[in-house]
Amino acid sequence: MPANIIGFDENKKRISTQQLLQQIYAALENGETEFEVFSSGHHDIGGPLWTGDGKPLRFRVKNPGQRVGSFGLDGTEIVVEGSAPADAGWLNAGATLTILGDGGDTTAHCAASGKIYVAGRVGARSGSLMKRDPAYDPPELWVLKNTGSFSFEFMGGGIAVVCGIGCETQESVLGDRSCVGMVGGTIYVRGPVQGLSEEVWLLDLDEADREFLASGLPVFLEKIGRTHLLGQLIDPGQWKKIVAKTYEERKGHHRITMREFRLGKWVAGGIFGELVNDDYGHVAGLVNAGADRLKIPRWIDKRYAAPCESSCPSAIPTQDRIKLLRQGKVREALELVLQYSPFPGSVCGEVCPNLCMDACTRQYIDKPVGMKELGRLSTDIAAPPALPPSGKRVAVIGGGPGGLSAAWQLRLMGHEVVVYEADVEVGGKLRQVIPGERLPQNVLSAEIDRIRSLGVTIRTGVHVDASLFGTIRNESDAVVIASGAHNPVVIPFPGHERLVKGLDFLKEVNAGKRPSVGEKVVVIGAGNAAMDVCLGAYAMGAKKVTAIDIQRPAAFKHEIDHVKALGGEILWPVFTHKVDEKGLHTKDGRLLEADTVIIAIGERPDLSYVPREWLTDRGMIDVEETRQVVRAQDIFAIGDAVAPGLLTHAIGAGREVAENIDVFLAGGAPVAKKKPQVIPQSCLSKELFRPQNRGRFCVTDAKGESNRCISCGTCRDCSMCLEACPEGAIRRVDKENGGYEYVSEDHLCIGCGICAGICPCGIWAMELNVG
């Protein structure tokens, strides 16, 4: 009696394939060689299995899953009662597999030996990759009816027999595109055949072929229980065989003409026949103009932002400023930056970390464009005229970089602006904490005077509390909160009362008070502000300054290098345990001797003058993307009152909030500004620029940087595209406003892309012609 293998447990629930196979393995260990398998889609039944004494294995399977008989070995016989799903007989290595129904897709896929008998049809890609090892008998696949499409792809060996029973009315018993890539083996086929690969021959049978079928057909029909069909199949005149062409025969492959392809493959009767309507009249040539081009050039001046503009928090379009310099419009170039920042000399030219230079494309050729030098050119430029009075009044709380930037922009728009500053002078941290060696005070004073000259009212020494804030709000059409962050953060470890607050220390230094520090100073923190504290400590007479941090120092490299050049040391990671009269004790037991310990790990804003419900859980102003306060639409907030950032972030936010307030005062709804997409580096032809010797590089004339700027994303009017176009299809057109554009004439342009390839600035783009 055969061993019964059931694919369900005692609760009639389907067990896993692994559990079913474990039953088979256990029965095999107990000496069983015959199996009745009642499956429920369990896969991999029938192989690879063998017995120690070489006895044959027999399986009778109902409802198998994928890969029944896969890896089946010599001596294994499998009978499937009914049909089998995909991959039946996959990688068959000698087993005999009989399917008393249909076989799914990829039946006999990769079969290397053994025999597979199918009493119905088989699916797509069946017989593909069949192969033969000369040491063993070739694999055989016998199919009573027909195959799906793509059958016998890349067949390398073996024998297939497709009988075509009941398929006389079909276009092809082998489906569509059969035998693609076939290099070996033989296929015997009875019935109509179409769509064969050109890599095979369809031939008549010879005597050996007839003998093979005469001996094999009775066995096949007996296996599948269809012996009554022998008389219908035995006539050899009904059969053809398919074999692969030899390598030499393939070399003589005939290429069809373009017309043959178009009429027979592309549309009529082809794979796109139901999708494409063709009038068969106009035929495009190999080189085309107009509507027949594959791609069309587009002049996309300023569609993308330059890397410098995109990375600048103030969004200064340096490429436009340099373009004006290149055109000889020096005053317009120097005034342009004032549309974006009132501090081109103080910030761009002195204290800014110049993120624009970090992004500058020119660095990949030699050195970035000298942004600091360009910024200093605009220090003494007079303020541009403001628009006529709007009748609107805006109050700005805080006279730091962000507040003054907002005031500057709002005044240029014609609004009355009043700035309220608690200190005796405006400038915020630009004036209060940045060392004079980094920012000359005469430069800052000149730029603040320029803001005053525009008509901005500045009231200093005004401490805004809740009562005054309410009054200011009632007197104004809109209010900007830009009061910054001036409360130093202090960690309450033992001895924290001995700490000197970094912000207070820098304010005293800049005020000329010369605070005492001793010879040894430890600074807790290693950000940019902490580096300023280190410089201040050395200026006050310290002999040794050590900065510590719990993580990698956040200061910019040039700030760190400056401190190290003076003899400073930066240690990380270091965790503070306590501070006493000896200095700072770390959690790992070290003592950093210090006469003075200064903490500079950031500041928090004092927003006690606004309602508590306006604040976030972190104590910052809660604003929308438009920088409007969520609970008060006439109030706007920027800078450190919202989130910590660089000085240039505050300046950029000042311009952005001014634009939103201008919309608000006009009765509109402000919309958050989206950052422009930066031009991809692959669009730029950097190889057209001659590199300078980095070792000798020095910016002696900032105006000369106009020749080094690549003008990323902005046309530099070099006319290289016009001169290089082989068809003369490009022309330059002057506009009434004094501008220009380059135009490609469709009836002349052949879409070759030379204009896009030669453009150094990435202005020409080749777009697919989908018209």
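In which sense do strand 3 and strand 4 pair, and over how many bridges?

View 1. Strand 3 (residues 57-62) and strand 4 (residues 76-81) pair in the parallel sense, over six bridges. Strands are DSSP E runs of at least two residues, helices H or I runs of at least four, both numbered from the N terminus; pairing requires at least two DSSP bridges between two strands. Opposite Leu 57 stands Thr 76 of strand 4. Strand 4 also pairs in the parallel sense with strand 5 (residues 93-99), over four bridges, and Ile 78 has Leu 97 in strand 5 as its bridge partner.

**View 2. Helix 2 and its ends.** The 18 residues of helix 2 (residues 207-224) should span 26 Å at 1.5 Å a residue, and the end C-alpha atoms are 26 Å apart, which agrees; the expected span is 1.5 Å times one less than the number of residues. Asp 206 caps the N-terminal end of helix 2, with a side-chain oxygen 3.2 Å from the backbone nitrogen of Ala 208. After helix 2 comes Gly 225, with a positive phi near 70 degrees.

**View 3. Surroundings of Ile 661.** Leaving aside neighbours within four places in sequence, Ile 661 is in contact (heavy atoms within 4.5 Å) with Val 394, Leu 410, Ala 478, Val 480 and Phe 636.

**Notes.** Residues are numbered from 1 along each chain as its sequence is written, and side-chain values use heavy atoms, without hydrogens or water. The model is predicted: local features need pLDDT of at least 70, side-chain atom pairs count only at pLDDT 80 or more, and totals for chains, interfaces and linings use all residues.

Note on methods
A polar contact is a pair of N or O atoms within 3.5 Å; within protein, one must be able to donate a hydrogen and the other to accept it, and residues adjacent in sequence count only if both atoms are side-chain atoms.
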